[in-house]
Amino acid sequence: MAAAGLGARIVLNGQAVADDWVHALLLLLSGGMIALLFDRDRQSLRAALELKPAAVEAAASCYRRAFERADMGFASANDTGELLLSNKRLCAMLGYPEGDLVGRRIDTLVHQHDRDLFRKSLAGLSAEEPSFRLEMRLMRKDGSTLWSRLMVSWSAPDNILPHRLFVVVDDITTQRSDHEALVAQKEWLDLALSAGRLGTWRIDYNEQVASGSSQFWEILGLPPAALRPLEALADIVHQADWPKLASPPRKRHFAASYDVEIRIKRPGGQIRWIALRGREESHEDRNQRIGIAADLTSRRQTTLLRAAARRQERMMREERHRFSNLFAVIVAIVKMIKPPDSDIGEFKNMVVERIRALEATHRLLADSADGSSTIRELVLQELRSFLQTGKTSITGPEIKISSGAAESLAMIFHELTTNSIKHGVLGHQGKVDVRWTIVSGGAGDEIVFEWAETGGPPTAPITRHGFGSMVLGTDGTPIVGHSSKLEMGEDGLRYSLRLSPNEIQD
């Protein structure tokens with residue numbers, strides 16, 4: 001083009017000017033450069049156009065591999081819910097051959113009990129709500145059920161292309177079964193705790209708070225609460241039992257069992273027994289006790305009532321046994337007492353007096369909780385009316401005597417008292433010193449009982465051996481005990497008796 005312009009100018013002017021040649025040369029160089037750059041750009045554009053489809057194809061291939069090899073089910077569907085594409089995992093989940101799901105409607109794969117919910121959710125998709133997620137059951141080809149987590153997304157890129165649905169399916173059958181098993185186990189546990197009236201509890205000693213189930217707070221007589229300060233329980237827990245609850249567990253590297261019983265005070269002053277059983281942990285950053293609580297009050301009351309009933313029954317048997325023995329003793333007394341000088345009136349008085357002594361002893365034993373008595377009580381029963389006169393001195397430890405031995409020992413004390421009133425210091429001047437001690441011997445410990453009268457009238461030797469002599473055992477064999485000894489002195493009577501542990505127990 002530059003040469004053509006230059007030629008035209010030579011024709012018109014008749015000769016070429018030097019400037020015209022310079023301009024022509026520059027135009028030639030510029031044109032060549034433009035042509036070179038245009039060709040390079042054309043080649044680059046062609047290469048780019050050739051490269052773009054390859055890159056798109058590579059990306060599409062990558063997505064297809066991910067789609068096919070995914071561990072979850074993927075599918076796409078049209079706006080009517082008809083499946084257009086599905087991956088291998090979805091087909092395997094539902095038991096269909098590859099490609100067999102194409103053309104099926106999604107809602108036909110949903111369990112009939114969940115189908116209405118799915119259709120309602122599908123109809124609600126819009127630009128404002130473009131997706132939904134549900135846990136629902138799908139039907140496999142063989143009719144079995146598959147629990148799935150289903151996510152459906154709605155896509156409409158522009159007004160030209162039709163709407164598309166993208167479906168993601170995750171198999172949660174195992175997780176769902178485990179969850180249902182845990183729920184069922186919890187329901188059974190709650191039922192067992194409720195039936196057993198048991199409450200669950202936890203004490204965090206780091207935070208100094210207590211938590212528990214509603215049944216636990218009901219056992220304590222408190223309204224339900226998520227948490228309570230541990231110190232708030234101090235008002236209802238018995239002061240002697242509070243350390244069992246408030247003291248933190250000892251530091252150890254393992255969980256130890258925790259089993260205590262505490263008393264709580266209900267409104268109105270009622271005391272109830274509560275058992276706390278569980279484990280305690282005190283290591284690293286954990287310092288707590290957890291377990292179950294049970295109200296033992298009714299059980300303890302039942303145990304006490306049964307024990308009382310057994311004790312009452314045992315006492316009634318002992319009473320019946322004592323009564324039966326009492327009649328035999330009365331008959332023996334009547335037979336052994338001889339009328340003094342054929343005086344029937346005196347004989348009647350002697351019989352009545354001894355029967356009344358037995359009655360007093362029986363009444364003393366009946367008032368005792370376990371049907372027993374003590375040596376001191378038997379002595380006081382006979383000498384009570386002389387305690388304020390200064391005529392008696394009673395010394396000795398508390399020693400229990402069973403009912404059978406108590407009746408016999410009471411008869412000995414009655415004979416000594418009666419004899420002292422008639423012939424000794426209790427009916428005249430002087431003093432009675434009664435003492436008993438425990439001494440150790442070769443055969444073991446024994447009780448030594450002594451009755452000593454001093455300052456009284458002289459006593460005559462016994463010439464007539466009757467009922468009293470037999471009871472006291474003037475021959476060394478009293479009605480209870482052994483090694484009895486009776487001495488008559490110028491200032492009064494002295495009597496001693498030994499009792500072994502076997503002789504004072506039934």
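Partly exposed denotes a relative accessible area between the buried class (under 20%) and the exposed class (over 50%), computed with a 1.4 Å probe on protein chains only. The structure is a predicted model, in which local features need pLDDT of at least 70 and side-chain atom pairs count only at pLDDT 80 or more, while totals for chains, interfaces and linings use all residues. Residues are numbered from 1 along each chain as its sequence is written, and side-chain values use heavy atoms, with hydrogens and water left out.

**View 1. Salt bridge between Glu135 and Arg149.** A salt bridge is a side-chain nitrogen of Lys or Arg within 4 Å of a carboxyl oxygen of Asp or Glu; the count by this rule is 17. For Arg149 and Glu135, the N to O distance is 3.5 Å. Arg149 belongs to strand 4 (residues 145–155) and Glu135 to strand 3, so the pair ties together parts 14 residues apart in sequence. Strands (E, at least two residues) and helices (H or I, at least four) are DSSP runs, numbered from the N terminus. Glu135 is partly exposed at 41% relative accessibility, and Arg149 is partly exposed at 32%. Both residues belong to a network of salt bridges that also includes Asp170 and Arg176.

**View 2. Salt bridge between Asp114 and Arg137.** The two side chains meet at 3.1 Å, N to O. This pair links distant parts of the chain, with Asp114 in helix 4 (residues 112–123) and Arg137 in strand 3 (residues 131–139), 23 residues apart. Asp114 is buried, at 10% relative accessibility.

**View 3. Salt bridge between Arg105 and Asp107.** The closest N and O atoms are 3.4 Å apart. Arg105 is partly exposed at 38% relative accessibility, whereas Asp107 is buried at 8%.
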